[in-house]
Amino acid sequence: MGEKRKTQRLVADESQTSFKNPNAEVSMATEVNLNFSEDHAARDRRFARLYAEPPNFNELALLDPDFDEVWNKHNANFFDNPKCVIQLTKTLLKLDFDLQIELPDDRLCPPIPVPMINQAGKLLGWILALEQVASIRCSAAQKDHDIDERSLEYARKNVVLNHLQHRINVIQRKPEDSVIPLDDLGITTIDFTMNNPPFYKSEEDMANSAAQKSRPPLSACTGAKVEMVTDGGEVGFVDRILQESLVLRERVQWYTAMFGFLTSLVDFVKKLRDNDIDNYAVTELVQGSKTRRWAIAWSFGAMRPAQDVARGINTAVPKGILPDSTEAEIIIMPLPENIGNFAESFSDAVAKLELISWDWDRVRLEGIGRAVDKVWGRAWRRRRKREMEVENKPEKQVSQEEKCAFAFELFIRVEKEQVLIKCRWVEGHDATAFESFQGFLRSIRRSLLDLKT
């Protein structure tokens with residue numbers, strides 16, 4: 001494959017490597033060799049740092065003769081030339097990912113280093129974090145489909161170039177075909193879907209959007225109409241996926257999509273709520289200082305994502321866009337004299353509930369519980385009492401076979417002078433159950449303090 005790109009730099013002036021001045025001198029560096037046998041965590045960390053700084057174009061020219069050719073000819077107006085943008089993408093994928101690709105000159109080719117790979121990596125990492133909620137792994141096989149014959153031609157060529165036929169299957173579809181063709185492909189279930197829909201409703205819509213921008217694009221656009229325009233725009237396209245998901249439901253663990261406009265995300269979240277879909281997640285993908293994209297995922301399953309995954313938007317957004325909270329800091333209190341006794345007493349109070357299961361780790365001070373209902377509430381106790389009176393039977397125990405309606409994780413964190421008790425909503429569709437359970441946990445603390453008094 002040849003020499004790998006140097007990714008750790010010692011640069012006296014950081015501005016030398018910015019895109020505003022791509023003529024920077026080749027800097028001293030330590031070569032990092034890509035090793036695909038390393039563990040996943042180390043590999044992910046490497047890729048996360050890979051484009052922390054813009055690539056040095058002179059360095060790329062030394063490592064790749066094809067890049068050297070276009071760089072020497074067009075370094076003054078590099079990003080205005082579609083051929084240069086395409087070659088930059090090909091060079092970075094070859095040097096940093098061991099991928100050989102061919103790209104058509106009349107289809108979309110977003111420039112990688114600003115920082116598109118970081119954005120794509122964050123999106124995939126976000127989806128994998130959703131997958132981990134359900135304790136499943138991504139399938140080794142991947143099904144990709146498109147409606148554009150030219151795009152399909154190059155996709156198939158690139159799969160063969162990289163010997164990935166055993167993992168990637170490229171499928172041609174028609175515009176009127178289903179977007180998630182599980183039945184057509186003879187597939188029962190899949191882990192997730194992923195797509196980047198065309199942004200615009202029409203060519204006029206695309207022209208109006210370009211006219212409203214305060215500055216021209218940073219690089220040449222090589223996109224074809226089929227990639228940029230679709231009926232109903234991006235919301236219309238993702239709505240097709242939503243309608244199919246209402247039929248497929250849990251045959252797909254997570255349905256995901258990306259939006260180019262925040263207004264599209266707002267409109268689509270309303271569609272989810274209108275269809276009583278409560279388990280969803282949103283995140284933003286920041287590209288440079290100006291450009292943002294937004295991703296959404298929804299599931300018909302009951303497993304809830306972690307808070308930072310479900311509510312991954314840090315900027316101001318309209319009210320009601322973010323999903324229900326899944327984590328809460330319940331109690332902050334002074335450090336008890338005997339933290340071990342306090343933790344055991346707290347765990348015992350939870351264990352007294354009619355739970356399907358309660359597993360408490362005395363060393364880590366963490367526990368996981370599963371319940372059939374709001375078993376801590378008065379309404380539950382009254383209903384259970386009536387059932388026992390009608391059946392004239394001793395108190396019925398909750399069995400492991402009963403369906404879980406609410407699951408939670410409980411954490412006791414010990415600091416120098418205080419104790420924090422946190423709770424995470426793990427499973428279920430009823431947000432009021434999580435809110436009610438927080439109140440129950442606070443009542444335990446009050447009871448323990450009363451006993452001490």
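1. In which helix is lysine 157 found? Lysine 157 belongs to helix H6, which spans residues 149–161. The model under discussion is a predicted one. Lysine 157 has a relative accessible area of 36% and is therefore partly exposed, since that class lies between the buried limit of under 20% and the exposed limit of over 50%. The C-alpha atom of lysine 157 is 8.1 Å from that of isoleucine 101, although 56 residues separate the two along the chain.

2. Helix H3 comprises residues 65–74, and its buried residues are Phe67, Val70 and Trp71. When the helix is viewed down its axis, these buried residues fall within an arc of 105°, and so they line one face of H3. An α-helix has 3.6 residues a turn, so residues three or four places apart point the same way. The face of H3 turned away from the buried side carries the exposed residues Pro65, Asn72 and Lys73.

3. Glutamate 69 has a relative accessibility of 42% and so counts as partly exposed. Lysine 73, at 60% relative accessibility, counts as exposed, because the limit for that class is over 50%.

4. The structure holds 16 salt bridges. Side chains of opposite charge can pair when their charged atoms come close. One of these bridges joins lysine 94 to aspartate 64, with the closest N and O atoms 2.8 Å apart. This pair links distant parts of the chain, 30 residues apart: lysine 94 is in helix H4 (residues 82–97), and aspartate 64 is in the loop between helix H2 (57–63) and H3. Are these two partners buried or exposed? Lysine 94 is buried, and aspartate 64 is buried as well.

5. A further salt bridge is formed by lysine 271 and aspartate 239, whose closest N and O atoms are 3.9 Å apart. Lysine 271 lies in helix H11 (residues 262–274) and aspartate 239 in helix H10 (residues 233–248), so the pair ties together parts that are 32 residues apart in sequence. Lysine 271 counts as partly exposed because its relative accessibility is 29%.

6. Why does glycine 367 count as buried? The relative accessible area of glycine 367 is 3%, and a residue is called buried when that value is under 20%. The C-alpha atoms of glycine 367 and leucine 410 are separated by 5.1 Å, while the two residues stand 43 residues apart along the chain.

7. Four arginines, Arg378, Arg381, Arg382 and Arg386, form a positive surface patch. One of them, arginine 386, is found in helix H14, which consists of residues 378–391. With a relative accessible area of 48%, arginine 386 is partly exposed.

Note on methods: Residues numbered from 1 in each chain as written. Predicted model: local features only at pLDDT ≥ 70, side-chain atom pairs only at ≥ 80, totals over all residues. Heavy atoms only, no water. Patch = residues over 30% accessible without salt bridge, like charges linked within 9 Å, V, L, I, M, F, W, Y side chains within 5 Å. Areas by Shrake-Rupley, 256 points an atom, 1.4 Å probe, with all protein chains shown as cover. Salt bridge = Lys/Arg side-chain N within 4 Å of Asp/Glu carboxyl O. Lys, Arg positive; Asp, Glu negative; His and termini not counted. Charge placed at Lys NZ, Arg CZ, Asp CG, Glu CD. Helix = DSSP H or I, 4+ residues; strand = E, 2+ residues; numbered from the N terminus. Buried < 20%, exposed > 50% of the residue type's maximum accessible area, 1.4 Å probe, protein only. Arc of directions from axis to C-beta.
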